[in-house]
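Here is a quick tour for anyone opening this one up for the very first time. Have a look around, then read on.

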Amino acid sequence: MGMIAPVTPKSWYLPSKPHKFCPGCGHGIVLKALGETIDELEIQDKVVFGCDIGCSLLAWNFFACDSTQTHHGRTTPVMVGIKRSRPELVTIGYMGDGGGYSIGSQHLLNSAVRNEKITLILVNNTNYGMTGGQMAPTTLPGQKTETSPYGRDPELTGYPTKGPEFIAELTPASAYVARATVAKYKQLKRFLRNALRNQMEGNGFSFVEVLSTCPTNWRTNAQQTWNFLEEEMEPYFPIGELKSPFGKGDK
Amino acid sequence: MGGARKFMAKIMEEPRKAFITGNEAVTWGALAAGAEIMFGYPITPQNEVMHYWTRLAPQYGKGFLQTEDELSAGFTVCGAVQGGKKAFTATAGPGNVLMQEPFGMAEAMRLPLFAVIQQRGGPSSGTVVYSQQEVTLTTFGGNGEGHRIVYSTASHQEIYDYTIKGFNTAWKYRFPTFLLGDGYQAKMREPLEMYNPEDRGIKMIETYPLIGLPGHIGDNREPQHLCNIYSLEEELYEVVMKVSAEYEKISPEIVEYEEKECENADIIILTHGVVSRAADDAVKALRAQGIKAGYFRPITLRPFPQKQLREAIAKSGAKKLLIAESAYGQLDRLTKQEIYGETIKIENLFMPGVGIIDYDIINKIKSIL
Amino acid sequence: MSLIKIALAGEGGQGVQSIAEILAEAAYNENKQTIYIPNFGLEQRGGVSIAFIQFSDKRIGAPKFNKADVVVALSERAVERTAIYSDENTLFVYDSGFKAEAAEALPKEAKKIIGIAAIDTANHELHPRVFNIIIMGAVIGLTNVVSFEGAKAALEHKLAYKFEKNPDLRELNFKALEIGKNMAEESLKEGVAK
C-alpha cells in the first residue's frame, strides 16, 4: 500500500500484472516497449499476439490484445496461418532463441524466404530459461550452461547462431531485420515500431532479435548481468538495423 | 470483405455426375463445403488434393499455401481457423506423424481443424501406395486422449459427402475432424454425384473467429486469451475432464455405422474403409452359398459405434466376429477395447499394407467356420 | 455384363494409363460401373506402369484384384511383373515383338496366351505414337467392355485438342483402334492355347 503504480501501456492486460518473469529478466522490458509501441500505433484492436513455449509462454495473457499460445517453435506457422487468412490483422509472434533458431528454425527460415507479412520478435538470452538453463543456439563460446557445464566448445557444438544476419541474407529489400537490446530502450522501441509498420504497410517479413538478460540461469547479480549483456553478448551480436525499407540502417 | 460474396457463390448449378479420383472428390467436396484456404505439403498419395485445389481455388477466390513441412501445414491451419476461416490440410504416413503435433494443439484448444488422411504403408516411409495402418495414429495419436472425430470412407460418394460433413462436424463441435481414406481411394476413379450442400438441405455451419474479433477492446469487448498450457496439474485435470465429458455427451450424435444381414448371422465380418467393399461382396457370396454371414462397418472410428456393434452381436447370436483389415491389428485393438466384455470369439484377417478382396475374406471364413 | 477385371502393363511412356483412363471413361459414359486405379508406387518413376480396371453392371467392390480376366503386357519387364495376375481363366496378351526374350517369363497358368504384333504394326503401318491405341482396340476386341463407337467418342473427347490441330490424327487413331480390335478378334480364334 502506498506504492505509486508505474505508468503502464494501455495495451497491457492489468489482471495479469505483476507479471511472472523472474526478477532481472529482460522479457518485461521487451514487452513494455512492445506495449507502448502498440499504443502509439493505435493497433490494440487489430493485434494478434502469439507466444511460443519457453519463457515467452508466460506472456500469453500479458496484453489486452487477442492472444494465442502455440507450441515450442511453432508460433511462426500459426502466425502465418492467421495472417494468410486475415491479412487485416497485425500478427506478432513472440519467441525465444531456442524456439526460433533451433526447433522452429525451418519455419523461421522459410517464412523469411516467402517474405510473410508477419512480425516476429525473438528474445535472445543465450539459454533455454524455462527448462532450466540448457545450452541454446545462441550460447556464447565458453559459456557454461546445464548442458555445456564446462563451457560451450565450438569444436563440438559450433558457434552461436546469428539470426538477423542470416535472415537478412534470405529476405528481399522489403523485409525489415534488426537486432536490439534491452539495454537501449529507445532504440528497441524504434526497431519494434519499424517492424510493426513494415507489416502494416504490407511490405514484408519483419524480424527483431532482442538481446536480453537471464540472471536466474546465468547465476549473476545485477552488475554481472548487465556486464554480460553489454560486454559479452553485444560484441558477438552487433546491434542495429540490418535491413530496413525505411531508409538507411541505424547502427 | 469483397471476397465474402464470392465464397457464397454456388460451386455448381445443379448436381453433377462425375468420374474422378478420390483426391479430386476431396477437392470438390471442400469447395462445395465453402472451404476458404488449404495448407499442404507434398506427400503421396494425397498430392492431387493440392493439385486440384491449386487449379480450382483461384477461380473461387480461395487461398493456398505450400508450407515448408507438415508441422507448418498443420499449424497454419490452426492459425487460420483461429482467425475464423474454414481451412484444411491433407496428408499421409510420415506427414500424419508430423501433424500429430498440430492435431494435438487442435484437440487442446478445441480448434475446428479438418484434415484428410490418405493412408499409405508403414512403418516409416513404408510404401507410398496403400494401407490401413494409420488408424491408431489418426484416432489416438498425439499426447492426449483422442478427442477427435474420424470418418472412414469406402467410396468416392462418401469421400465427397463426408468432406462436406467433416467441415460441419469440426465447426459444430470444435473437435479436430478427419476424413480417413487410403491410397486406393485417393488414386482410383469411380463415379459419384456432386452437389451443393444447400440443395440437399445441408446447412453449412457459419464460421466465426476466436481471435481478431470485431469491436474495441476495453470498450465493447474483452481481449481473447487462448490458453494452451496450464501451471497446475489440477487445472489441466479440470480441462481434460470437462472436454472428455463433452466428447462423450456428443458422441451418440456423431456415431455412424453400416450394418447388413446381422440378424441371424453365424459370423459377423467387421471391416472399415475400402476393405468393407470386399466384405460386402463376401457377405453376398457367402449367403448365396448358404453361409450366414453378416456385415458391420464403423463409419466413425472415433467415436466408435460400440453400442451398435454390441447390439448387432446380441441380436445375431453370432459365435464369431471376423475383423479384416489392411493392417496388423489396428482396427482389432480399437474394436476390442470398445466391446470389452463381449464373449464372441474374435478371428482376424490381417493383411498389412495390401488390399483385401472378397476372395480373401471368403477363404478365411471357410477356414474358421 | 458380369465383372471383368483387366490389368494393362507397360513401360512408362507407352501410354498404358492413358488408354486405361479412356476405356474407363468410355464405360462410365455407357452407364457401366467402372473402377480404374493405377499402380503408383515408386515404380511410377521409371518402372513398369500398371493400370487395374474393372467393369461391371453392378457396384464394384475392392479396387484391386488377385487374378485378371485379361492381362496385357507390353514389355518384357511388364510380362514378368504381371504373370502373377494370370490364372486358368486369364487371357494373357503380350506384344509378339519381344516374344523370344519373354517366353521364359510368360505365365504358367492362362486360359490363352496371345501374342499380337502391336508395336510392329504401329511402326510399319501407322505411326509409333498410336501403339497404345492399337492395344486399346485389342482390349475391346477381347472383352467388349465398351462399344467401338463409345471408344471412338471417348478418344474424340480425350484428344479433341490434338485432333483440332491436326485432323489427320483422328483418322490415324480410329484406324489404330480398329486394327487392334481386329487383331484381337482374330487371335481369339487362333491364338496359342495353353
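## The core

How many residues does the largest nonpolar core have, and which have the most contacts inside it? This is a predicted model, and in it that core has 234 residues. The ones with the most contacts inside the core are B:Ile268, B:Ile269, C:Leu23, C:Val72 and C:Ala138. Both domain 1 (9–200) and domain 2 (258–368) of chain B give residues to this core, so it lies between them.

Let's zoom in on one of those names. B:Ile269 touches B:Ala279, B:Ala282, B:Val283, B:Ala293, B:Gly294, B:Tyr295, B:Leu322, B:Ala324 and B:Ile361, if you leave out residues up to four places away in sequence.

## Two domains in chain B

Chain B is split into domain 1, covering 9–200, and domain 2, covering 258–368. Their C-alpha centres are 27 Å apart. Where they meet, 22 residues of domain 1 of chain B are in contact with 20 residues of domain 2 of chain B.

Which elements of domain 1 take part? Helix 6 (135–140), strand 6 (149–152), strand 7 (177–182) and helix 8 (183–187) of chain B each put at least two residues into the side of domain 1 that touches domain 2. Strand 6 of chain B gives the most to that side, with four residues. Sorted by class, this side of domain 1 of chain B has eight nonpolar, 12 polar and two charged residues.

## Where chain A meets chain B

Now for the contact between chains. Here 31 residues of chain A are in contact with 35 residues of chain B. On the chain A side, strand 2 (66–69), helix 2 (75–85) and helix 4 (105–113) each supply at least two of the residues that touch chain B. Helix 2 of chain A has the largest share of that side, with eight residues. Taken by class, the chain A residues touching chain B come to 14 nonpolar, 12 polar and five charged.

There is some strand pairing across the two chains as well. Strand 2 of chain A pairs with strand 9 (residues 225–226) of chain B in the parallel sense, over two bridges. If you want a spot to look for, find A:Ser67, which stands opposite B:His225 in strand 9 of chain B.

Is strand 3 (residues 48–56) of chain C largely enclosed or largely open? Eight of its nine residues are buried, so strand 3 of chain C is largely enclosed by the rest of the structure.

Strand 3 of chain C also has strand partners. Strand 1 (residues 4–11) of chain C runs antiparallel to strand 3 of chain C, and eight bridges join them. One pair to pick out is C:Ala7 with its bridge partner C:Phe52 in strand 3. Strand 2 (residues 33–38) of chain C is antiparallel to strand 3 of chain C too, this time with six bridges. There, C:Pro38 has C:Ala51 of strand 3 as its bridge partner.

Most residues other than glycine have a negative phi, and most peptide bonds are trans. A few places here go the other way. The peptide bond joining B:Thr44 and B:Pro45 is cis, with omega about 5 degrees. B:Pro45 sits in the loop between strand 2 (37–40) and helix 3 (47–56) of chain B. Another cis bond goes from B:Gly122 to B:Pro123, with omega near 10 degrees. You'll find B:Pro123 in the loop between strand 5 (114–119) and helix 6 of chain B.

Then there are the positive phi angles. A:Arg219 isn't a glycine, yet its phi is positive at about 55 degrees. It lies in the loop between helix 8 (215–218) and helix 9 (222–236) of chain A. A:Arg219 is exposed, with 11 other C-beta atoms within 10 Å. B:Asn264, also not a glycine, has a positive phi of about 45 degrees. Its loop runs between strand 10 (257–260) and strand 11 (267–270) of chain B. B:Asn264 is exposed, with 11 other C-beta atoms within 10 Å.

## How confident is the model?

For chain B, pLDDT averages 96, and 98% of the residues score at least 70. The start of the chain is another story. Over residues 1–7 of chain B, pLDDT stays under 50, and the model has six contacts beyond four places in sequence for that stretch.

Key
Residues numbered from 1 in each chain as written. Chains lettered and ligands numbered in written order. Predicted model: local features only at pLDDT ≥ 70, side-chain atom pairs only at ≥ 80, totals over all residues. Contact = placed C-beta atoms within 7 Å. Nonpolar A, V, L, I, M, F, W, Y, C, P; charged D, E, K, R; others polar. Pairing = 2+ DSSP bridges. Domains from an automatic or database assignment. Buried ≥ 20, exposed ≤ 12 C-beta atoms within 10 Å, placed from the backbone. Core = buried A, V, L, I, M, F, W, Y, C linked by C-beta atoms within 7 Å. pLDDT = per-residue confidence, 0-100.
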